[in-house]
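Please walk through this model with me, from its aromatic side chains to a pair of helices and then to one loop.

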Amino acid sequence: MSAKVLIVEDESLIASLYQEFLNDYGFDSTVCEDGVVALTAFEQADQPFDIVVTDQTMPNMTGTELSIELLKKSPELPIILLTGSS
């Protein structure tokens, strides 16, 4: 069974690059375009996600806000927070 990765990225090109890369290495990845959608996907997943890769700057919910909410639900969840902003 491969690790489940939740990718949260509002720029579709970047999200598809992440997903393609991870899928090529055998990971099962799901893409969400913002933190609100990702939080719902996380809560409704039939299998838990093993790791989350999230952008910091997104509409509706920042990566930090999403991380806080996810860690309330799963305190040991590894989260990679990325940003293209300086």
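**Rings, helices and a loop**

K4 lies over the face of F49, at 4.5 Å from the ring centre; a charge is taken to sit over a ring if NZ of Lys or CZ of Arg is within 6 Å of the ring centre and within 35 degrees of the ring normal. This is a predicted model, in which local features need pLDDT of at least 70 and side-chain atom pairs count only at pLDDT 80 or more, while totals for chains, interfaces and linings use all residues. Residues are numbered from 1 along each chain as its sequence is written, and side-chain values use heavy atoms, with hydrogens and water left out.

Rings of Phe, Tyr and Trp (for Trp, its six-membered ring) pair if their centres lie within 6.5 Å, and planes under 30 degrees apart count as stacked, over 60 as edge-to-face and the rest as tilted. The centres of the F42 and F49 rings are 6.2 Å apart and their planes stand at 20 degrees, so this pair is stacked. In the other pair, F21 and Y25 have ring centres 4.9 Å apart and planes at 45 degrees, so the pair is tilted.

Helices (H or I, at least four residues) and strands (E, at least two) are DSSP runs, numbered from the N terminus. The axes of α2 (residues 35-44) and α3 (residues 63-73) come within 10 Å and cross at roughly 15 degrees, where axes are lines fitted to C-alpha atoms, for helices over the stretch in contact, and angles run from 0 to 180 degrees between N-to-C directions. The two helices are therefore roughly parallel to each other, a term for angles under 35 degrees, with over 145 counting as roughly antiparallel, 65 to 115 as roughly perpendicular and the rest as oblique.

The loop between β3 (51-55) and α3 holds N60, which has a positive phi of about 75 degrees although it is not a glycine, and which is exposed, with a relative accessible area of 63%. P59 belongs to the loop between β3 and α3 and is partly exposed at 41% relative accessibility. Although 24 residues separate P59 from G35 in sequence, they are 7.9 Å apart in space, C-alpha to C-alpha; leaving aside neighbours within four places in sequence, P59 is in contact with D10 and D34. Q56, also in the loop between β3 and α3, is partly exposed at 22% relative accessibility, and its contacts, with neighbours within four places in sequence again left aside, are T62, G63, T64, L81, L82 and T83.

How values were computed:
Buried means under 20% relative accessible area, exposed over 50%, partly exposed in between (1.4 Å probe, protein chains only). Contact means heavy atoms within 4.5 Å.
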